[in-house]
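Please examine the sequence and the structure shown below. The questions that follow concern its strands, its helices and the contact between its chains.

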Amino acid sequence: MSGWNLTGRVPDTATDAAADDALSVSQAVELAADALDAIPQLVVLGEVTGFRGPNARSGHCYFQIKDDSCAIDCIIWRGSYAKRTFDLRDGMQVIFTGGFNLYKATGRMSFVARSFTLAGEGMLRQQVAALADKLRREGLMDASRKRHIPVFCTRVAVVTSLSGAVIDDVKRTLRRRNPLVELICVGSKVQGEGAPAELIEGLARAAAIEPAPDCILLVRGGGSFEDLMTFNDEQLARAVAACPVPVVTGIGHEPDNSICDMVSDRRCSTPTAAAESVAPAIGDLVDVLDARERRMAVAMSGAVRTRASDLSAMGERAARAMRARLERSALALRAAADRPCLADPAWMVERRRSDLEQTAERMASAVERSHRRFADAFEPLPARLAGSVSGLAPKHRELELAASRLQREGRALLAIRQADVARAAASLDALSPLKVLARGYSIAYGADGVATSAARFEPGDTMRVRFADGSVTAQVERIELAEPKPDPSRA
Amino acid sequence: MADRKPVDELTYKEASTELELIIRSLESGDMELEESLESYTRGVELLQSLRSRLEDAEQKVSVLLKDMDGTDTLVPGEAADTSDTLNL
């Protein structure tokens, strides 16, 4: 120790000795730190307070944990906080595992938590959240799994406690909203030991009802978190998801949300809301009917109107077509009427008459011209004729003379010839076969002329027999040939 | 059209569905006039039946109870208490 005395007091040996034994702050802090390090790992339950999330720069968390009488700084290093299963919030009851640590620069003692879990209800909630996560990963909460619930369920099973107010709420709600919904109540415990199993059985019984209900209401009134834990049961949640009939849940009150709510086909915030969701209000049905009545009337009158307008359109078209056709005909008629033959029938006759007159004119003048031509040619002829016959008189006399000579000569010539002929005629008459016939002979003719032999005929042949005064045609009946006489000339 | 059941034999839902189909086919305008008149008549019938059902509806409640031998039976239950109606 140095010999100088700043206080001016006589140094006290005891104090000096003590001063000699005094520790530096560092040494003291070191001691404390060692002592704290000697404490084994602790598990501490406390309420989180002053938590402001991880430090923006370092990522470590600085806050306090407290109970009714004490508080202590708490640190969670960044690496440890990263492994958390939930975010810390003020007011949470959390079980921290870790040890004390002394920050030597300030001498502040803190509890450094290496891990932490929720305690009490918080723990339950965390377990529920973990189960929810698990079921979500299995796909039990997928929107695609949710079954369609008919807008109007007419047959609804209610699985809940039959002794509570909830079943009456459901009945009353549906009676008021829509009495057409038939309710089937299936009783079950909804909280406490064995409740999940009874509810699972209740769902199965409700689904087995014949005919099957349109949906099942799984409902329960409000309660504490622990009360509602029944509806976070994994087996019950799986039964809800697997139920063959769509399930509508209404468990507790908003914002309670159970696992059953998450896996059900429809989640409603309360039993009453669940009951209301299965069927439209009767007033809405009346509105729907009113609307349908109007639609039907509109459609029907529309149908009639459409056809009426179709008809009138067709009528108009027909009228138009007819009119057009009549107009065309009228036009054609007018055109025909305007033709000269109809407009002035006399015109045709007139035209022909005038043609005829012209022709007649032409003919008359032609005749006249021709007549004049002939007349002109004829005029000199009498004079020429008179000239040409003037030398005829002497020739005429000569001719007369010659004629009388010829007459004379001729008569003389004839007389000689007449006498010859008379002689010849007398000879001829003597030789005439007619004379022979007159004596009783006759001549027979066959098919090829005069028949000189009976052998030329056959019975049945036609024969003409000539007599002096005529002839007979006869048929040959029989032929008799005479005995051939010896020909004296041949003999 | 031939398989039309008497309106009274249809459930509310069946009648309602048929009415909607009739209205749609009326609205489509594809029907013959005679056919649509027939449908319209049926529609009016359905509409009246549905209306009267809404007016006369009474809540039906039954309870599923286990028999002695453990089989489930539907037993008529009490409809909702109406005493609170005035308080609503």
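Q: Which residue of β1(B) does L183(A) stand opposite?
A: This is a predicted model, in which local features need pLDDT of at least 70 and side-chain atom pairs count only at pLDDT 80 or more, while totals for chains, interfaces and linings use all residues. Residues are numbered from 1 along each chain as its sequence is written, with chains lettered from A and ligands numbered from 1 in the order in which they are written. Strands (E, at least two residues) and helices (H or I, at least four) are DSSP runs numbered from the N terminus, and two strands pair if DSSP finds at least two bridges between them. Strand β7 (residues 182–187) of chain A runs parallel to β1(B), joined by four bridges, and the residue opposite L183(A) is V61(B).

Q: Which element of chain B gives the most residues to the side that touches chain A?
A: Contact here requires C-beta atoms, placed from the backbone, within 7 Å; by that criterion 31 residues of chain B are in contact with 30 residues of chain A. At least two residues each come from α1 (12–28), α2 (33–56), β1 (60–66) and β2 (72–76) of chain B. With eight residues, the element that gives the most is α2(B).

Q: How many charged residues does the side of chain B that touches chain A have?
A: Ala, Val, Leu, Ile, Met, Phe, Trp, Tyr, Cys and Pro count as nonpolar, Asp, Glu, Lys and Arg as charged, and the others, Gly among them, as polar. On this side of chain B there are 16 nonpolar and seven polar residues, and the charged residues number eight.

Q: In what order do the elements of chain B run from the N terminus?
A: Chain B has two helices and two strands. From the N terminus on, their order is α-α-β-β.

Q: Are α6(A) and α8(A) roughly parallel or roughly antiparallel?
A: Axes are lines fitted to C-alpha atoms, for helices over the stretch in contact, and angles run from 0 to 180 degrees between N-to-C directions. Angles under 35 degrees count as roughly parallel, over 145 as roughly antiparallel, 65 to 115 as roughly perpendicular and the rest as oblique. Helix α6 (residues 195–208) and helix α8 (residues 234–242) of chain A pack at about 10°, with axes 9 Å apart. That angle makes the two helices α6(A) and α8(A) roughly parallel.

Q: Which residue of β3(A) stands opposite I65(A)?
A: Strand β2 (residues 61–66) of chain A runs antiparallel to strand β3 (residues 71–76) of chain A, with six bridges between them. A hairpin joins β2(A) to β3(A) through four residues. Opposite I65(A) stands I72(A).

Technical notes
Two residues are in contact if their C-beta atoms, placed from the backbone, lie within 7 Å.
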